[in-house]
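Q: Hi! I've just opened this one and I'm new to it. Could you walk me through a few spots?

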Amino acid sequence: MATMSMAIRASLLLLLFLSLTTLTVSLYEDQVGLVDWHQQYIGKVKDAVFHTQKSGRKRVVVSTEENVIASLDLRRGEIFWRHVLGSNDVVNGIDIAMGKYVVTLSSEGSILRAWNLPDGQMVWESFIDGSGASKSLLTVPTNLIVNKENVILVYGKGSLHAVSGIDGTPLWTKDFAAESLEVQHIIQPVGSDAIYVLGFVGSSQFDAYQVNPENGEILKHNSAALSGGYSGEAILASSDILVTLDASRSKLVVISFQDGELNLQETSISDILGDSSGTPVLLSSKLPGMFSVKVNGGVTLIRVTVEARLEVMDKINSVAAISDAIILNEGQQAFALVQHGDSKIHLTVKLSHDLSGDLLKETIVMEKQRGMVHKVFINSYIRTDRSNGFRALIVMEDHSLLLLQQGAIVWNREDGLASIVDVLTSELPVEKEGVSVAKVEENLFEWLKGHLLKLKGTLMLASADDVAAIQERRLKSSEKSKLTRDHNGFRKLIIVLTKAGKLFALHTGYGQVVWSLLLPNLRKSECEFATGLNIYQWQVPHHHAMDENPSILIVGRCGQGSDAPGVLSIVDAYTGTEVNSMDLRHSISQVIPLPFTDSTEQRLHLLIDGNQHAYLYPRTSEAIDIFQHEFSNIYWYSVETNNGIIKGHVLKSNCIQEVIDNYCFESRDIWSIIFPTDSEKIITTVTRKPNEVVHTQAKVIAAEDDLMYKYVSKNLLFVATVAPKGSGAIGTATPEESWLTVYLIDTVTGRILHRMTHHGAQGPVHAVFSENWVVYHYFNLRAHRYEMSVIEIYDQSRADNKDVWKLIVGKHNLTSPISSYSRPEVVTKSQSYFFTYSVKAIDVTLTAKGITSKQLLIGTIGDQVLALDKRFLDPRRSLNPSQAEKEEGIIPLTDSLPIIPQSYVTHALRVEGLRGIVTAPAKLESTTLVFVYGVDLFFTQLAPSRTYDSLTDDFSYALLLITIVVLIAAIFVTWILSEKKELREKWR
């Protein structure tokens, strides 16, 4: 007996020790980064300044179209530091001053900042005042010193400002707004102490002002009339010569302003370029004593002589971009030009004074998916043989950034991902069974190669390329990065469309790019200003057709206006190849994915043009048969924000056109809601997500021993309107002048189911609609705080279905079809709470079956995402909830919503420039996938009710096995001891 008790005691102690070991691991294991990833980008580069001094790191400072200022490592392209200035703080100019400050001009020339070059810390900030709107110019002279201070010249808001480069103090200001001068350039000619301000008055007069740099006084003013007008382009060919085109773009006008005296000479374009049918364009590249003209893809380099005469130096075909000239060690200047070939680009560097020879000529193989070269910036360095070497920073059509050196791509950055316009998730292919012999041999070779790399890494013999290869192999060997589906549904493709018209497929494992495609039909020469609009699911094969790949539909527009013709692309979701493309004759104002598919699993889509004509796609006989069968059940609505009108539409008949089109249908209005423009302005409309799953329509009210039925309808529309005076920025209206009104509208009948007004409130309004509730965020002018309100809507017409006997005998209406025309009796519950932050985006978690409790995902003004339990926004919250309400999960009422630091989905990270949040369900009911995009990208997995249906990734299976073995051993030992005891008892 003693032996048995000792064995049991020993086994219990062992189990206790093992459990304590498990607790220790769970307490100190860092979960951040295991199921999420974060990627940083900067956007399409506009300007770049190299800083490659012998001391310090070699870097390039850039400004981008996403209003980002960044310092990049020239060796690897990594970000040393960056600042995202915001959507309203557009960067107008960037330069390096005094060799240690990065100077930026932004906000239409009204804010001048200096940043410390090594670490990006702001040194000073200066606000520029002015009396009018104008072009913004930044000039950092190298040898202009006033009162022992380096001077920075800024033109903005119609005024010229001299600012101290040391502390940003304004030294003097000269107003040019009264002269109606459109300033084009501010220069300090070589050998002159004066500053020249050059510009145009209207389109027929050129003015040159000579300004004293000490106090801003005008020393001299000359003007000259332009007989042929002014085209809007003006290029400095030298420090005292400016070149422009006349209004008809048929003549080049050379304006010399030596010593303030103006001299104009006109030369016909045909005399310089010969007969050409194209429209000439002056390129903005700064070349000493030269300028360049582009016509029909060809570039002509023209030199301006001292006598202001024009000489053609060279004509080059297929030029994509020309850089500014840079100064070499010998005092010479060089520039680069880039030409395109077959899947290659040709980089040529020439001396500015001698175009006959080439300092550098390289050919680099380039991916077709990067498109054309848009910009090129060059920098020189001294090779070991004391000759000049060159590196080129190029900006591609897809907004990517590449550094070229010695005929190779040193690094590249996919900065097009900083400008995502739409997001879609797609499943990965199913893992196929069976492996070929060739695959086994390949795997064996890769296995040996991998172990060799690991050995080199262990012995510290690995080169930089070997280290990169080791990291890449680790990613590929990880379960998270497999290109097949997993049983939990965590591995998916995130397909994004960027502003450049490029598709990227990102893997949810580590965010790597699986494939990319620069859409061909958005790049056609006849399609000017093409833009991509949205992505939709086109074909999703089910389990009986797993051999077929799913495909997606990309909708674009061939032009800038809303009446521009549309373009469609159908792309394979697995491979990124374009399956089909269509150029449409009609515009696209709305795309309606229909809940019908044909025999090939292609989903039917209805495209609405500006005249409310509906076009059916795909254009097949099977699709039209399915569509005609459901013809009378198709409704949609349109919102005219500027006019304050919401209309409902149905199909009427085939379009009456000169060419018969069986896939075109006319529509008719069946209802309309007109908001009075003098009191209401539409600012936000939100509907439910079409892929949302509602687990149950019933909601048990335990405290009242009652049952309520959710009013769940995909036809509900949430509309928010504000008073016209309250539609501006916060603080532009008083509480008495502004109010916010919200509506719940049935889009089939146009019936307003609920209306509520918040007096003294204004936008912007961000809202999310889920199941039977909507949550929206706005600003309360009276309380001077942000608020969030919730509205829940319930169906009272099913209130009789609470009697158990009626349910048993079938006397209920639960199975009766729900129709928008049945005039449902609805009841709403609402509540408002204060919220600390301004909001950029808001979304809600989605799960596979809709069972898991909901969480709101709130993108804050700090570019972080906060997860807030929906229970905090329950309208039934009260100050003193009853015991039954507490058991139901009702939280006591507070006037503010809590901000729990541990609830930040993004942890301590920031998604700079946050614009949107996208959620998608995993196969596990407990888990939802969250993708956040802006200038940065962030992905994570969330479990709002914890992972109740799966074991965690760090679960110790070895410990479980040891526990089972110990228990079996303990049972076996105790059985033996029990048998021995029983035997001894029998012998007594």
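Q: Is leucine 960 buried, exposed or partly exposed?
A: Leucine 960 is partly exposed, because its relative accessible area is 40%, and partly exposed is what lies between the 20% limit for buried and the 50% limit for exposed. Keep in mind that this is a predicted model.

Q: Where is the place of leucine 960?
A: Leucine 960 sits in helix H8, which covers residues 957-987.

Q: And which residues form a nonpolar patch on the surface?
A: The patch is formed by Leu951, Phe955, Tyr957, Leu960, Ile964 and Ile968. Together they have about 580 Å² of accessible area.

Q: Nice. Switching to rings: how many aromatic pairs does a search of the whole structure find?
A: The search turns up 16 aromatic pairs. One of them is formed by tryptophan 37 and phenylalanine 939, which are stacked, at 5.7 Å centre to centre and 20° between the planes.

Q: Where in the chain are tryptophan 37 and phenylalanine 939?
A: They come from distant parts of the chain, 902 residues apart. Tryptophan 37 belongs to strand E1 (residues 37-39), and phenylalanine 939 belongs to strand E65 (residues 937-942).

Q: Are those two buried or exposed?
A: Tryptophan 37 is buried, with 6% relative accessible area. Phenylalanine 939 also counts as buried, at 2% relative accessibility. The limit for that is under 20%.

Q: Which residues form one aromatic cluster?
A: That cluster is made of Trp37, Phe931, Tyr933 and Phe939.

Q: What about phenylalanine 200 and phenylalanine 206, why is that pair edge-to-face?
A: Their ring planes stand at 65°, so the pair is edge-to-face, a label used for planes over 60 degrees apart. The ring centres are 5.3 Å apart. Phenylalanine 200 is buried, with a relative accessible area of 0%, and phenylalanine 206 is buried at 0% too.

Q: Okay, new topic: what is the order of strands in the open sheet of four strands?
A: The order is E40-E41-E42-E43, and the pairing is antiparallel. Strand E40 (530-539) and strand E43 (578-587) are the edge strands, each pairing on one side only. On average, neighbouring strands in this sheet are turned by 20° against each other, direction ignored.

Q: What holds paired strands in a sheet?
A: Strands pair through backbone hydrogen bonds, in a parallel or antiparallel way.

Q: Over how many bridges do E41 and E42 pair?
A: Strand E41 (residues 551-558) and strand E42 (residues 565-572) pair over seven bridges, in the antiparallel sense. If you want a place to look, valine 555 stands opposite leucine 568 of E42.

Definitions and conventions: Residues numbered from 1 in each chain as written. Predicted model: local features only at pLDDT ≥ 70, side-chain atom pairs only at ≥ 80, totals over all residues. Heavy atoms only, no water. Pairing = 2+ DSSP bridges. Helix = DSSP H or I, 4+ residues; strand = E, 2+ residues; numbered from the N terminus. Axes fitted to C-alpha atoms, helices over the stretch in contact; angles between N-to-C directions. Patch = residues over 30% accessible without salt bridge, like charges linked within 9 Å, V, L, I, M, F, W, Y side chains within 5 Å. Areas by Shrake-Rupley, 256 points an atom, 1.4 Å probe, with all protein chains shown as cover. Salt bridge = Lys/Arg side-chain N within 4 Å of Asp/Glu carboxyl O. Buried < 20%, exposed > 50% of the residue type's maximum accessible area, 1.4 Å probe, protein only. Phe/Tyr/Trp six-rings, centres within 6.5 Å; stacked < 30°, edge-to-face > 60°.
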